[in-house]
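Welcome! Here are a few exercises to work through with the structure open beside you. Try each task before you read its solution.

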Amino acid sequence: MSSAPRRAKPRKSSPLWRVLKGLYIALFALSLVVVVAYAALNVFAPAPTVDSQVTFPAAPSDPVQTDRPAGADPEPDESEQLVLNRRKGVYTCLLLGVADIGGSDTIMLGVFDTGNKAASLISIPRDTVVEYEGSYIKINAAYSYGGAEAVAGCVAETLGVPVDYWMSINLKAFESIVNQIGGIYFTVPVDMDYEDPYQDLAIHVKAGYQLLNGKQAVGVMRCRSCYPNADIGRSATQRAFLTALVKQTISVSNVDKVTSLINTFSQYVRSDMSLNNMVYFGTQAVGMDLDSALETAGLPGEWINPYWELDDEATLELVNGLGIYEEEVPARVLRIIHP
């Protein structure tokens, strides 16, 4: 039986050999670029370092209770400091939207789980009551007293969560970004008609799915009186708008606008986050499906004039759902104010 003919190897001087050699060199070079780029990102943009534990002070001592039923489980010992361990790869960032006239018009807490490629965006109503330097105030007023750091401190104390970074974004940034990408497609939930010459606001947008220009987008983001429940309705619209803005901004069609978008970012955004950390989070976000990986919510509560007072149990459930800690967060960690 004759054996199958052996395929001749290309001679080193043949055109086929030169082509194969060129492909090999090209593949090797491409692999080298990928390896070097990956190594560079890990060297120049490594994972941010944050404290792995958060310590909470001992709870104030209460009068001794003598009416506990026999055989009941003992009360948890709150006379000592409580230490909670943070989940690795989970980071938080406070997002503040500010206008030229001062004050924080929008307050959100972002949580990014880099390991599971998941994120949460929590709206904090601007009228939420907090304690600041011994007084009860609306949380947006903290920005006027002590800037972004003061708001971050109030959020951390109220919710019992670490705030790793903050970003203060002038609302003009949204107008500029929307105009640069040719508008934003968005479903406006209600008819909006509102004017305030003092804030240079003239909002006239009909409800429905449409292409918004920059000025209209900012109006949709800012209008409070357009909703029966004021800031609560606006917060839901803001979360939906930001999700749409991110999805449409990072599309392939906007690749050529990267430079101008970076310039806008540097002009209108202040942050305590380093450039290396921004690069790291940007690389970790690549490939995320925002339709399934992004959860949004608002802090639950009720309007008790003049404040938005948080619901203790519902807020605790929301905080535990963020997955910041390894352990279940106990109620004593939160500092919810009821004047």
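**Exercise 1. Which residues in helix 3 meet which residues in helix 6?**

Before starting, note that this is a predicted model, where local features need pLDDT of at least 70, side-chain atom pairs count only at pLDDT 80 or more, and totals for chains, interfaces and linings use all residues. Residues are numbered from 1 along each chain as its sequence is written, and side-chain values use heavy atoms, with hydrogens and water left out.

Step 1. Find the two helices: helix 3 spans residues 172-180 and helix 6 spans residues 258-268. Helices (H or I, at least four residues) and strands (E, at least two) are DSSP runs, numbered from the N terminus.

Step 2. Look for contacts, meaning heavy atoms within 4.5 Å. From helix 3 come Lys172, Ala173, Ser176, Ile177 and Gln180; they meet Ser260, Leu261, Thr264 and Tyr268 of helix 6.

**Exercise 2. At what angle do helix 3 and helix 6 pack, and how far apart are their axes?**

Step 1. Two packed helices are described by the angle between their axes and the distance between the axes.

Step 2. Here the angle is about 170° and the axes are 9 Å apart. Axes are lines fitted to C-alpha atoms, for helices over the stretch in contact, and angles run from 0 to 180 degrees between N-to-C directions.

Step 3. Helix 3 is therefore roughly antiparallel to helix 6 (angles over 145 degrees count as such).

**Exercise 3. Why is the pair of Tyr91 and Phe281 edge-to-face?**

Step 1. Rings of Phe, Tyr and Trp (its six-membered ring) pair if their centres lie within 6.5 Å; planes under 30 degrees apart count as stacked, over 60 as edge-to-face and the rest as tilted.

Step 2. The ring centres of Tyr91 and Phe281 are 5.2 Å apart and the planes stand at 70°, so the pair is edge-to-face.

Step 3. Now place the partners: Tyr91 is in strand 3 (residues 90-98) and Phe281 in helix 7 (residues 275-285), so the pair ties together parts that are 190 residues apart in sequence.

Step 4. Tyr91 has a relative accessible area of 7% and is buried (under 20%; exposed is over 50%, partly exposed in between, with a 1.4 Å probe and protein chains only). Phe281, at 12%, is buried.

**Exercise 4. Which cysteines form a disulfide?**

Step 1. Look for a pair of cysteine sulfur atoms within 2.5 Å.

Step 2. Cys223 and Cys226 form the link, with their sulfur atoms 1.9 Å apart.

Step 3. The angle about the S-S bond is 75°, and the link of Cys223 and Cys226 is right-handed.

Methods
Parallel < 35°, antiparallel > 145°, perpendicular 65-115°, else oblique.
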